[in-house]
Amino acid sequence: MNLMSMRDLSTETRPWWRGAVIYQIYPRSFADSNGDGIGDLPGITARLDHVAALGVDAVWISPFFTSPMRDFGYDIADFCGVDPVFGTLADFDALVARAHALGLKVLIDQVYSHSSDQHPWFQESRTSRTNARADWYVWADAKPDGSPPNNWQSVFGGPAWTWDARRGQYYLHNFLREQPDLNFHNPEVQAATLATAKFWLDRGVDGFRLDAINFTMHDPQLRDNPPAPDTGLPRTRPFDFQQHVYNQSHADIPLLLEKLRALADLYPGRFTVAEVGGPAPEAEMHQFTAGETRLNSAYGFNFLYADRLTPALVQRALAEWPDTPGIGWPSWAFENHDAPRALSRWVAPEHRAAFAVMKMLLLLTLRGNAILYYGEELGLTQVDIDFADLQDPEAIANWPLTLSRDGARTPMPWAAAAPNIGFSTARPWLPLGPEHRALAVDLQEADPTSLLQHTRRLIALRRTHPALVEGAMEVLHADDALLVFARTLGDMRILCAFNLSAAPVALPAALVTHCTPIEQVNGATLAELPPYAALMAR
């Protein structure tokens, strides 16, 4: 079978999302259209040409829903509304229409585990123990001594329980106290949530990214979590001292996901992907994506919090997703809105330019979906935010031991010479990255050797080779520096080799015999990979 016929067959038989490249947009920081210093939906719409020009398949837009913004949109007061700071429902409809006209799918966040304490559901639930929504949230009596019902701790620090005098009970919040947990053991809550999903599907969205989905259900017996063993790593929050056996990851969560999948399947071509956190999330990710009745994909934090990118790390992550029946389809992200920028974690400043191109090729050759975070195509670095400018509630609470998420949420640099690097005419909600002006889109557009241009070319290369999109994967070599794997589909076999170190490495001759190079990054040859070089060969 020749290359063209393989490509045609692949396109005709696979769902659009299988092997997709997805571009995540954090709306507060992407583009400001009205001069208030905060990004918005019309700003995204105006910049979708940039996203489409990358060659990606879809955009994922982080929360833009009605919110008091205690956790910047992840505390939702109306699951079917657009917060005025971001625009209107009409603005969202215009965004979807423009994206579809450009050939882009639109994915949005769904935050099911909790709402804002300003949501009308919670406002009613807290009024009494007998109202219509009394059991829509997780309420529990105090212990005889007045202390919380159990030892569960919040991700953001302190007990996961807050006392409410109106009900004379505690309510559960796995995150901020302003984010009370919904009670998904209640069928009415499940029905209301599915109605929310249907609302957005009816408006034309192409799928959902499900936030913190393993926090959706708790142990109804409210048993204490056991202590976590001391691994020697720093523990900055009480949350880190427990094994989270009972406050999350209930066995009924997959049944809820089956209901969501059944709804999504009523709308052809829709895609669902779960975020699953925790120290060992693979078992849950497999449960959530097993077979054809649950979610399409899942991703964890294999790379997002890793302090080094090593062959062993990549090999371990890939080994959890074998190409066998019943195992779901993985998604991968090296960066997102909750994690420090990869170039600031993984490489010394003097090697960033070379490393960034190699890293991009690695992400785009892994088996699974590739998720690009806004600005990753420019090589944005983590920004050091002064305490006075912090917005992240977790970083403020745990200062200075928790690295601020704000440092990965700074404004997108569009135009080097423009005020506020083209993001806004007003002072942005977060400080600009001092290194980011030199990385602005307009400068990289004009430079054929820029990371932006490399990213476009590498995404196009991925689309040209079906084996990279959906082929099987086999790791052939992994040592301290060198990673080599093969992607195979039909009679096409592509060798991918990466030097993840700052010293040159030789390629084993047996692996590259009869190979023809397809892509050579940072001076790679069939004999040697210079520092942070990479090679693709057929």
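**Strand pairing and helix packing in the predicted model**

Residue A298 stands opposite P330 of strand 12. In this predicted model, the two strands concerned, strand 11 (residues 297–299) and strand 12 (residues 329–333), pair in the parallel sense over two bridges. Both belong to a closed barrel of eight strands, which runs 1-2-5-9-10-11-12-13 with parallel pairing. From one strand to the next, the twist averages 25°. Helix 11 (residues 352–365) lies across strand 1 (21–25), strand 12 and strand 13 (369–373), and runs at about 145° to strand 13.

Helix 7 comprises twelve residues, 253–264. From its first C-alpha to its last, helix 7 reaches 17 Å, close to the 16 Å expected at 1.5 Å a residue. Its buried residues are I253, P254, L256, L257, L260, R261, L263 and A264. These residues lie on the same side of helix 7 because they cover an arc of only 165° around the axis. In an α-helix, with 3.6 residues a turn, residues three or four places apart point the same way. The partners against which the buried residues of helix 7 pack are helix 6 (187–202), strand 9 (207–210), strand 10 (271–275) and helix 8 (282–289).

Q190 is located in helix 6 and counts as buried because its relative accessibility is 9%, under the 20% limit. Beyond residues up to four places away in sequence, Q190 touches F184, M217, L256 and K259. With K259, the side chain of Q190 makes a polar contact, side chain to side chain, at 2.8 Å.

Note on methods: Residues numbered from 1 in each chain as written. Predicted model: local features only at pLDDT ≥ 70, side-chain atom pairs only at ≥ 80, totals over all residues. Heavy atoms only, no water. Helix = DSSP H or I, 4+ residues; strand = E, 2+ residues; numbered from the N terminus. Expected span 1.5 Å × (residues − 1). Buried < 20%, exposed > 50% of the residue type's maximum accessible area, 1.4 Å probe, protein only. Arc of directions from axis to C-beta. Contact = heavy atoms within 4.5 Å. Polar contact = N/O pair within 3.5 Å; in protein donor to acceptor, adjacent residues only side chain to side chain. Pairing = 2+ DSSP bridges. Axes fitted to C-alpha atoms, helices over the stretch in contact; angles between N-to-C directions.
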